[in-house]
Amino acid sequence: MDDVLNEAAPALVMEQWLPAPPERVWRALFDPALRECWLPAADLADPQPCLCEEGRELGFRLRDAQPPHLHSLVCFQLRADDGGGTVLTIVHRLTDLRALRPLAANDDHRTMMRAA
């Protein structure tokens, strides 16, 4: 199923301060062996990033393990803070067109998105 980046699609946005410099956080995001500890390759639709701005932003396409196997996009945005740490913003956006369709009046199926 092709997915699209739609800025109007539902998104879950989380922001976290980390006491590590951006270079270290970037390595944990970018290095597949380190990333496997917290974002298993099995959850990725493609192990290669679909968005990469060196040291600043990294995006991956995810695919739910359970039917209907919806696709989503998770983006990690990094910025240095004044104290030598990193502000990590995670934007998880549902991109699967099947989930973005309007519900019919008699459709009681709700689309759920697992947080990254």
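Glu53 stands opposite Glu57 in strand S3. The model is predicted: local features need pLDDT of at least 70 and side-chain atom pairs count only at pLDDT 80 or more, while totals for chains, interfaces and linings use all residues. Residues are numbered from 1 along each chain as its sequence is written, and side-chain values use heavy atoms, with hydrogens and water left out.

Strands (E, at least two residues) and helices (H or I, at least four) are DSSP runs numbered from the N terminus; two strands pair if DSSP finds at least two bridges between them. S2 and S3 run antiparallel and are joined by 3 bridges. They form a hairpin with 3 residues between them, and Gly55 in the turn has a positive phi of about 75°. S3 also runs antiparallel to S4, with 7 bridges joining the two; here Arg61 stands opposite Leu73.

Aromatic rings of Phe, Tyr and Trp (its six-membered ring) pair if their centres lie within 6.5 Å; planes under 30 degrees apart count as stacked, over 60 as edge-to-face and the rest as tilted. This rule gives 2 aromatic pairs.

| Pair | Centre distance | Plane angle | Class |
|---|---|---|---|
| Trp26 and Phe30 | 5.7 Å | 15° | stacked |
| Trp38 and Phe76 | 5.4 Å | 85° | edge-to-face |

Trp38 lies in the loop between helix H2 (32-35) and strand S2 (51-53) and Phe76 in strand S4 (residues 71-80), so this pair ties together parts 38 residues apart in sequence. Buried means under 20% relative accessible area, exposed over 50% and partly exposed in between (1.4 Å probe, protein chains only). Phe76 is buried at 2%, whereas Trp38 is partly exposed at 39%.
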